[in-house]
Amino acid sequence: MGDLLVRNAPFLLAGLRATLALAGWTALFGTILAMPVALLRYLDVPVLGRACAAYIWFIRGTPLLVVLLLCYFALPALFGYHTTASAAALVGFVVFLAAYAAQDMLTGLHSVPRTLLEGGAALGLTRLQVIRLIVVPLGARIAVPALFGQYVRMFKYTSVASALGATELTGSVLLVNGRVFQPLPLLGIAAVVYLVVCLSISMLGRWAQVRLVPGVVGLSPKG
Amino acid sequence: MGYRFDWNPIWHHRDQVLSGLAITIALSIVGLLGALAIGMAVGTAGAARARPLRVFAVLYVEGVRNVPLLLHIYLWFLGFSAIQLPAFLCAALGLSIYSGAYAAELFRTGLTGVPAQQSEAAAALGLRRWTILRKVIYPQAFRAIAPSLASLSSQLVKDSSLASVVAVGELAYEAGAIDADTFRTFEVYATITVLYLLLVTISSHLILRLVPTVGERSHG
């Protein structure tokens, strides 16, 4: 097993780097995309709010693998363009994560107590000021734990990119296994790596929660 | 957009679509039953008073749910390839064990949420420990976690698509096969997307309707 590791270490490490990059960019872009979606939903903007609701409903009812297949096969066929496995996977992951993240942000925004909004209005703030100065800062903090839950889930889900033929960690493990056929040690290593990274993201999430979510009276994550 | 829609080939392959749908449903049901069984056992251990049981539950939950489902399926399919389990069983085992960790957390929360007075009152009435669990504690825990069980089951239906990587002929796999046959790429994937949306919506509604009745019947 030592020999197996030494000889394939560079290849497997490249796979791990690809997984980390894929997950990192997905978390970044997914979170950014989720923000306007959650806000448009929260403000119930005519047409756009409805469109965001439909988007969230569609993604939450569709398997990740199918979203990836749509991005890799169906949409390029429909619109006549070419894409690569990792590019299609990244787009699919971002669109997928953003829907779940937007739902979590929306829950966060909704759990800001009404009395705070009324208090803001009583102070003479406009509706937009109330949203910008009270609802968003508090709602975003309430959403932090749920968001980190999504990041952990997304990190595990990057393995699905291997089904499109991307050589991230799982894809690399499968390739090496195809050559040497030592599935147990290879899958074991991958499992440990995923476990360690997922637990680290969870710990980071708890740290962020303690730092960012102050004990505001009447605010709780579940709302 | 120069794409010309042609849905006829999909209609010609409707048998393949339907058999894929049937296998997706079968896999989801088997996976869900397995997940519920594991979830009840591990969740009960997690809510138990004995420390070793709780440690076991934490290790199971954290160890299993932090590893991707795909690896769980490959573990049974490739890792234990010496025992040559059928692909369907590998996928069902992976789904059950993985979703079982999530179910265990739900059951643990549901069980610890039932007030201690409930079991004390039942004990005062002279019920045995096992009867208390079955007639008093479980029904209440079940009802408390019904909404979460509904989302767990719709998650499981969606996750069953990963069985396609080990060539189980469920919806996603059949879609690939039909696509290779007909080259009606967009139509095929659009079709299975709609079917998944339907399945997910129906399954979570079903669970929400079923779970409370399970609880009420045990009361009678």
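Is Asp44(A) buried or exposed, and how many other C-beta atoms lie within 10 Å?

Analyst: Asp44(A) is exposed in this predicted model. The count is 11 other C-beta atoms within 10 Å. A residue counts as exposed at 12 or fewer, so Asp44(A) falls in that class.

Now its place in the chain. Asp44(A) sits in the loop between α1 (2-42) and α2 (46-60) of chain A. Its backbone has a feature to note. Phi of Asp44(A) is near 55°, a positive value in a residue other than glycine.

Phe181(A) can be read alongside it. Phi of Phe181(A) is near 40°, again a positive value in a residue that is not glycine. Phe181(A) is in a loop, the one between α7 (169-180) and α8 (183-212) of chain A. Phe181(A) is exposed, with 10 other C-beta atoms within 10 Å.

Chain A has eight helices and zero strands. In order along the sequence, the pattern is α-α-α-α-α-α-α-α. The C-alpha trace of chain A spans about 70 × 45 × 20 Å along its principal axes. Of the 223 residues in chain A, 42% are buried. Take the contacts in chain A between residues at least 6 apart in sequence: 76% of them join residues at least 24 apart.

α2(A) packs with α4(A) at an angle of about 115°, and their axes are 9 Å apart. The crossing of this pair is left-handed. From α2(A), the contact uses Tyr55(A), Ile56(A), Ile59(A) and Arg60(A). From α4(A), the partners are Val95(A), Phe96(A), Ala99(A), Tyr100(A), Ala102(A) and Gln103(A). By class, the contact of α2(A) with α4(A) has eight nonpolar residues, one polar and one charged.

Ala102(A) leads on to the core. The largest nonpolar core has 128 residues. Ala102(A) is among those with the most contacts inside it, along with Leu68(A), Leu69(A) and Ile73(B). Helix α4 (residues 85-110) of chain A gives the largest share of this core, 16 residues. In soluble globular proteins, nonpolar side chains tend to be buried together.

Leu69(A) has contacts in both chains. Leaving aside neighbours within four places in sequence, Leu69(A) is in contact with Ala74(A), Ala172(B) and Tyr189(B).

That brings in chain B. Its side of the interface has 31 residues, in contact with 29 residues of chain A. Four helices of chain B, α4 (69-79), α8 (146-159), α9 (171-182) and α10 (185-219), each supply at least two residues of that side. α10(B) gives the largest share, 10 residues. The side of chain B that touches chain A divides into 19 nonpolar, nine polar and three charged residues.

Last, a helix pair inside chain B. Helix α2 (residues 14-46) and helix α3 (residues 51-65) of chain B pack at an angle of about 130°, with axes 7 Å apart. That angle makes α2(B) oblique to α3(B). The crossing of α2(B) and α3(B) is left-handed. On α2(B), Val42(B), Ala45(B) and Gly46(B) make the contact. On α3(B), the residues include Leu53(B), Arg54(B), Phe56(B) and Tyr60(B). This contact has eight nonpolar residues, one polar and one charged.

Note on methods
Residues numbered from 1 in each chain as written. Chains lettered and ligands numbered in written order. Predicted model: local features only at pLDDT ≥ 70, side-chain atom pairs only at ≥ 80, totals over all residues. Axes fitted to C-alpha atoms, helices over the stretch in contact; angles between N-to-C directions. Parallel < 35°, antiparallel > 145°, perpendicular 65-115°, else oblique. Left-handed = near helix turned anticlockwise from the far one by under 90°. Contact = placed C-beta atoms within 7 Å. Nonpolar A, V, L, I, M, F, W, Y, C, P; charged D, E, K, R; others polar. Core = buried A, V, L, I, M, F, W, Y, C linked by C-beta atoms within 7 Å. Buried ≥ 20, exposed ≤ 12 C-beta atoms within 10 Å, placed from the backbone.
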